[in-house]
Amino acid sequence: MLTEGFVPTEGFVAILERLQRDSDRYFGASTIAIEPLAHFQRRRSELLKVRIRAGAGAVYAYVKRYRLESSDPAERDFVTARVETDFAVTERIHRLVAGREGLRSVRPIACFPDHLAVITEEAPGELLGRVLKRSAWLSGGRNFDNLCTALERVGQWLKAVQMMDGPPGRFSLDEMRDYLDVRLVRLREVDAISPDERQAILDYFDEQRGNVAAADLLEVPIHGDLCPGNVLVTGSEITVLDLAMTRPGSMYTDLTHMYTHIESDRTKRWVSQQKVERLLRATLRGFDRNLSPSKPLFALNVLQHLICKVAKLATRPPKSRFDAAYKRYLRGQYHARVRTLVRSGMDLELNSLVTQ
Ligand SMILES: Nc1ncnc2c1ncn2[C@@H]1O[C@H](COP(=O)(O)OP(=O)(O)OP(=O)(O)O)[C@@H](O)[C@H]1O
Ligand SMILES: [Mg+2]
């Protein structure tokens with residue numbers, strides 16, 4: 001039975017009915033009551049938060065329905081594959097992190113690829129993005145120490161996930177360069193960079209790639225969207241969400257994604273530089289105590305994230321005049337960071353971060 005109150009949108013009804021029909025399998029109870037609590041619209045999905053009562057107990061869960069942008073069967077196949085990846089990786093990671101100190105995982109409940117839906121138990125905590133924003137006002141102390149430990153655990157989580165797979169393939173720097181240049185061409189088309197700048201960025205890439213160690217080119221499973229909006233934090237414990245984009249990639253892709261997010265706070269005058277450095281250092285330390293951000297492949301991954309940011313900000317239509325102004329401001333910040341990186345490398349700015 002669906003509890004009265006919040007009315008789920010049409011697409012969710014069939015999913016909830018199926019959960020009820022097979023309640024024995026998913027909840028070990030022959031009858032359950034599902035109460036929709038809240039509905040969220042996201043760019044790539046919509047989510048329904050529900051409470052599921054089975055016997056005397058209750059479970060909170062998220063029903064995530066992936067969105068289709070067209071009726072093209074190829075898109076449906078692509079998104080169906082994402083749904084299946086999301087659930088399969090959630091199951092694997094749930095087993096992988098069980099019992100590891102400070103690492104939590106989302107418990108998978110059900111996957112209905114025909115409805116483009118994945119159902120997971122609610123993980124506790126607050127999004128890392130919000131905790132980071134608040135931390136700008138913290139004057140150090142226990143909460144800030146907890147946040148550093150949480151970021152160290154993000155690094156540890158990444159390391160554990162990278163070890164999860166069997167014999168690795170080789171990561172292709174040629175493909176990385178092509179990927180980067182597609183974005184540079186797009187930026188040229190909207191006149192956001194000059195021909196000389198495009199060339200300078202590619203020259204920087206070519207110079208760095210000559211120094212990439214062969215051992216760094218092992219291909220590993222990557223999350224694909226490891227940003228502060230996809231990590232939940234409780235105290236110093238973390239849960240990583242949103243595993244649909246997991247695929248093979250470079251060992252520094254996820255780490256540098258998180259790194260560039262945190263690092264973007266450096267430009268905010270009200271944020272203590274020392275604190276940003278502690279957060280960055282903790283993230284790197286969790287992954288590898290000896291990792292220096294000046295490692296060539298690390299620097300190339302940072303470059304790629306920065307260019308992707310600039311390209312997104314330059315080409316996605318703004319939602320309002322305020323949004324347009326904000327996007328212009330952010331784009332300027334990321335663009336300046338690209339220029340510094342290409343001119344001076346990672347060493348100059350980040351010397352203080354090189355871990356002992
Ligand atoms: N199992 C869960 N436990 C706790 N919160 C969850 C869970 N699943 C989803 N959420 C919440 O819903 C939000 C969106 O989920 P998710 O990141 O999987 O969707 P998305 O379509 O990828 O959204 P976005 O593109 O904004 O990242 C999360 O940021 C989180 O707040
Ligand atoms: Mg997400």
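## A walk around ligand 1

Start by selecting Thr-120: an N or O atom of its side chain sits 3.0 Å from a nitrogen atom of ligand 1. That is a polar contact, meaning a pair of N or O atoms within 3.5 Å. Before going on, know that this is a predicted model, where local features need pLDDT of at least 70, side-chain atom pairs count only at pLDDT 80 or more, and totals for chains, interfaces and linings use all residues. Residues are numbered from 1 along each chain as its sequence is written, chains are lettered from A and ligands numbered from 1 in the order in which they are written, and side-chain values use heavy atoms, with hydrogens and water left out.

Stay with the ligand and click Asp-242: an N or O atom of its side chain is 2.4 Å from an oxygen atom of ligand 1. On its own, ligand 1 has 610 Å² of accessible area, and the protein covers 86% of that (Shrake-Rupley method, 1.4 Å probe; for residues, only the protein chains shown count as cover).

Now show the whole shell. There are 17 residues around ligand 1, and Arg-42, Ser-45, Lys-64, Ala-123 and Asp-242 come nearest (a residue is near if one of its heavy atoms lies within 4 Å).

Moving on, select Leu-116, in the loop between strand 5 (108-112) and strand 6. Strands here are DSSP runs of E with at least two residues, and helices are runs of H or I with at least four, numbered from the N terminus. Is Leu-116 buried or exposed? Leu-116 is buried, as its relative accessible area is 4% (buried is under 20%, exposed over 50%, partly exposed in between, with a 1.4 Å probe and protein chains only).

Four strands make an open sheet in the order 4-10-9-7, with mixed pairing; two strands pair if DSSP finds at least two bridges between them. Its edges are strand 4 (103-104) and strand 7 (126-127), each pairing on one side only. Zoom in on Leu-103, whose bridge partner in strand 10 is Ile-238.

Finish at helix 11 (residues 321-350), where you will find Tyr-326. Tyr-326 is partly exposed, at 43% relative accessible area.

Notes: Polar contact = N/O pair within 3.5 Å; in protein donor to acceptor, adjacent residues only side chain to side chain.
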